[in-house]
Amino acid sequence: MRHALELAGRVLHTTAPNPRVGCVIVRDGRILGEGATQPPGGPHAEICALRDAAARGESVVGATFYVTLEPCSHFGRTPPCADAVVAASPGRVVVAMGDPNPQVNGAGLARLRAAGIPVATGVCLPEALALNAGFAARMSRGSPWVWLKMAASLDGRSALHNGMSQWITGPQARADGHAWRARADVVLTGMGTVLKDDPRLTVRDVPVPRQPRKAVVDGRLQIPESARLFDGEEVWVFTAHEDPVKAERLARRNARVIVLPGAEPGRVDLPAMMRWMARQHINEVHVEAGAGLSGALLSADCVDEILAYVAPVLLGDALGMVKLPMLTHLDAARRFEFIDVAPLGPDVRLRGRFADRWQTLMAAANPR
């Protein structure tokens, strides 16, 4: 199963909106065939593994299939994988996580069992879910999995009062941040960052087969039409302000304006924005924004995970990472669970997530 997970990890950037899945077919400790899900419209992992076994001249009858996600049981762009697995007559199928897609959600496993095939489930479930948290979130709750990337000093400062923030962390940390950009479907920022930094929002420090989509939260539709992020690729601009004339001009820059007004004037309805993106088949959102939007997303319960890059430096009287309402009691604090600490050159990356959200996702992905 760990080898199947490794195969799934190799297609981290190419399967969206489909999940990242690996499959290994084994007999007597020997691999007969293996494969991973191909880009949308291409074969899924089980079909790739079966084709690989056939190319090797191997019979898979009575073999054990290890697959990181429940075989699909419905017709989409491709026929059901569960039918292909049944037709192969395996001796056993081992599955890491269930498929929370309402069109599957246990039906694939039921089809295998109905054919008399022994099925074991839940092997390496957390690792499989970590590869597909966005897919599971979109399918089970109707919103993508969102992580918020921040870079800060030891005293929690992200920029000087004059706005200077490049660079608090070193090149290794920045490259790692780009690797996280690369695996996301959308890179999201705010209007303040566009005005201050004029970012391109592209992946540059790591090789990728495709660039993620770019999106901006711009409550009053103030984005300059000369912004560098308008490079020909589609950009989503979320706003609370209707301006058909400017929207038409932005459309000529391949920008789509989505009007989602919130309760406060000039504010975007952030949860509605996440639901909108899920309807566009977005699984994972990478946020790199200033303290204002970062705090607003946290306050609106739109963040699942934190990526905090901490540099061994003190900035003193400078700007903080997020703007959140003042608390009067510690019980009201938003508490994350640290799940990983990684040294990156002179810096450290801390990963934290809301434990209850992860457990809810685990329950949704638990094979039935």
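Trainee: Hi! Which residue stands opposite V341 in β16?
Mentor: That's L350. This is a predicted model, where local features need pLDDT of at least 70 and side-chain atom pairs count only at pLDDT 80 or more, while totals for chains, interfaces and linings use all residues. Residues are numbered from 1 along each chain as its sequence is written, and side-chain values use heavy atoms, leaving out hydrogens and water.

Trainee: How many bridges join β15 to β16?
Mentor: Seven, and the two strands run antiparallel, with β16 covering residues 347–353. Strands (E, at least two residues) and helices (H or I, at least four) are DSSP runs numbered from the N terminus, and two strands pair if DSSP finds at least two bridges between them.

Trainee: What order do the strands of that open sheet take?
Mentor: β11-β10-β9-β8-β12-β6-β13-β16-β15, nine strands with mixed pairing. β11 (255–259) and β15 (337–344) are the edges; each has a single partner strand, so one side of each lacks a neighbour in the sheet. The twist averages 20° from one strand to the next; axes are lines fitted to C-alpha atoms (for helices, over the stretch in contact), with angles from 0 to 180 degrees between N-to-C directions.

Trainee: Which strands does α11 lie across?
Mentor: β6, β8, β9, β12 and β13, and α11 (291–299) runs at about 115° to β8. Contact means heavy atoms within 4.5 Å.

Trainee: Switching to the sheet of five strands, what's its order?
Mentor: β2-β1-β3-β4-β5, open and mixed. Its twist averages 15° from one strand to the next.

Trainee: And how do β3 and β4 pair, parallel or antiparallel?
Mentor: Parallel, over five bridges. F65 has V93 in β4 as its bridge partner.
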